[in-house]
Amino acid sequence: MAETPPRQRDRGPRATGPVVLLPPTRAGQEERRFAVRPARVLLLLAATFIAGSVAAALLLLPILEARRAGVAAERDELAHRYEVLAARLEQLESDAAAQHTPDEEPATPPTAQAPTSPALRLAPPTDVDGVRIAVLRATGDVTLKGEALIIVQSPTKAIPMPGGVLLARAGKNGVFVDGVGTVASGTRVENRLGPIKIGDKSYPGALELHQDGDRLLLINELDLEKYLLGVVGAEVPAGWPLEAKKAQAVVARTYALMQRAQAEGPYHLEATTDDQVYSGTAVDSATRAAVTSTHGEILLQDGLLVSAWFHSACGGRTEDPADVWPDRPAHGNAVVTCGFCDTSPYASWTVDLSPAEIARGLTEAGHEVTEVTGMHIREDTASERVRRLEIETDAGMVAVTGQEFREMVGYMRVKSASFSVGVVGATFRLTGKGFGHGVGMCQHGALGMDKAGHAYREILTHYYPRARVEKIY
Ligand SMILES: [Zn+2]
């Protein structure tokens, strides 16, 4: 007889029939209940789980469906609120744009700004309503006259000047006006019936009274085209022919816009040769025709404003602006052979300078010199102007450019940087050609070209070879 493991043997005979759970009344029956097969139990559990899952799913589906509908409704609500806010924003932007006055500068988009050099990237302006010119600086009284002269206090409030006369001067705490008292710097004066007169000059537009240190500064704000009448009238003799004047009008217009774009103070241009000469309105018919027939025309190169410098007479060749103003960016200039200013009064000149006069000029420029014993030109520019001038002095050798020498001794004494130096007796004799810095249009050359039958556009492209004349308004 084979050995049987004691535990199996203790369980008794293995159940073979269907599992029947009997009430636990007797020990023998209880023994049968624990004889249930594990596989069947697992099957039962699985079935129960599946049934439970199905029941749970049936219960949850309506809840999930309700939840999904809620999310959709919330999304629709947010979309609606977004549309309402977008419409409100559009309305606010529209209102803000409508509140801009025409006097305000338009906002410059970042892309329009210069990456490196602003003057090289001056786009033509979109608004050209006016320019501001410093026309007078005075330490004493200045008299303004006009039939209906007023001090403007606000768009609806003004102080009329009795007799059409206003007497102003720089005060201690502002500008003092006789009969009115001290007014704020920048106070505006207008004549609603015509230009304002100061001495023998007439200024269209408005004049502003500014305190400038101990001086009274008058700024004339006026329409650009009216300003050009004054500039062409002052820069070009009345008897010059029309095409030369038209060329001057286009150059002066471009120059004014260039300076206006770069100005940082309360005005855009000086009324002197520091910028371009302006003496109030001009009346000769040729000047008026030159400005009106070129209305809105400027010089552009590659869509940008040309640095439209000009000068009286080049003496043969124009100058590279880099040799005159190394630090000032320039656009659209070129060194060209003029060939049309040979008969100008400045075609050649001589000036005798005493050593004392040169020493005085050097001292005023900060060199502290009492004696000048020699002058030597060491280098010329490409247009044969003096690039390096060495001056022997008791304080050693002083080296300057020809343009710096002009500034020290006087622009009217040394008319250009195109000169040679000799010695006559006890003085230095400079023999030179041309008048002015030599950059850009040669005015006497423009006159010569007009006389030779050239139209103003030909004159302009002769001196600014890569520029185009374009009408911007
Ligand atoms: Zn010339």
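Seven strands make up an open sheet in this predicted model, in the order β4-β3-β8-β11-β12-β1-β13 and with mixed pairing. Strands here are DSSP runs of E with at least two residues, helices are runs of H or I with at least four residues, and both are numbered from the N terminus. Two strands count as paired if DSSP finds at least two bridges between them. At the edges of the sheet stand β4 (157–160) and β13 (269–270); each has a single partner strand, so one side of each is left without a neighbour in the sheet. Strands of a sheet pair through backbone hydrogen bonds, either parallel or antiparallel. For a closer look, take β8 (residues 187–191) and β11 (residues 206–212), which run antiparallel and are joined by three bridges. Across this pair, R188 stands opposite E208 in β11.

Before going on, two notes on how to read the model. Residues are numbered from 1 along each chain as its sequence is written. Because the model is predicted, local features need pLDDT of at least 70 and side-chain atom pairs count only at pLDDT 80 or more, while totals for chains, interfaces and linings use all residues.

Now step back to the whole protein. Its secondary structure comes to 10 helices and 24 strands. Of its 473 residues, 33% are buried. A residue is called buried if 20 or more other C-beta atoms lie within 10 Å of its own, exposed if 12 or fewer do, and partly exposed in between, with C-beta atoms placed from the backbone. Two residues are in contact if their C-beta atoms, placed from the backbone, lie within 7 Å. Among the contacts with a separation of 6 or more, 66% are between residues 24 or more positions apart.

A second open sheet has three strands in the order β15-β14-β24, with antiparallel pairing. Its edges are β15 (304–305) and β24 (468–471), and each has a single partner strand, so one side of each is left without a neighbour in the sheet. Two bridges join β14 (residues 297–301) to β15, and in β15 the bridge partner of L300 is L305. Helix α5 lies across β14, β15 and β24, running at about 70° to β14. Axes are lines fitted to C-alpha atoms, for helices over the stretch in contact, and angles run from 0 to 180 degrees between N-to-C directions.

The helices also pack against one another. Two packed helices are described by the angle between their axes and the distance between the axes. Helix α4 (residues 224–235) and helix α6 (residues 285–293) have axes that come within 9 Å and cross at roughly 135°. The two are therefore oblique to each other; angles under 35 degrees count as roughly parallel, over 145 as roughly antiparallel, 65 to 115 as roughly perpendicular and the rest as oblique. On the α4 side, E225, L228, L229, V232 and G233 meet T287, R288, A290 and V291 in α6. By class, this contact of α4 with α6 has five nonpolar, two polar and two charged residues. Ala, Val, Leu, Ile, Met, Phe, Trp, Tyr, Cys and Pro count as nonpolar, Asp, Glu, Lys and Arg as charged, and the others, Gly among them, as polar.

Next comes helix α9 (residues 443–451), which is mostly covered, with eight of its nine residues buried. Its buried residues pack against α5 (242–262), β16 (310–311), β23 (441–442) and α10 (456–463). The axes of α9 and α10 come within 10 Å and cross at roughly 135°, which makes α9 oblique to α10. A446, M449 and D450 of α9 make this contact with E458, I459 and H462 of α10. Just after α9, G453 takes a positive phi of about 95°.

L430 sits in strand β22 (residues 427–432) and counts as buried, with 22 C-beta neighbours inside 10 Å. Leaving aside neighbours within four places in sequence, L430 is in contact with T350, V351, L353, V414, F419 and V421. L430 and L353 are 77 residues apart along the chain, yet their C-alpha atoms are separated by 7.7 Å. S348, in the loop between β16 and β17 (349–353), is partly exposed, with 14 other C-beta atoms within 10 Å. S348 and F419 are 71 residues apart in sequence and 9.4 Å apart in space, C-alpha to C-alpha.
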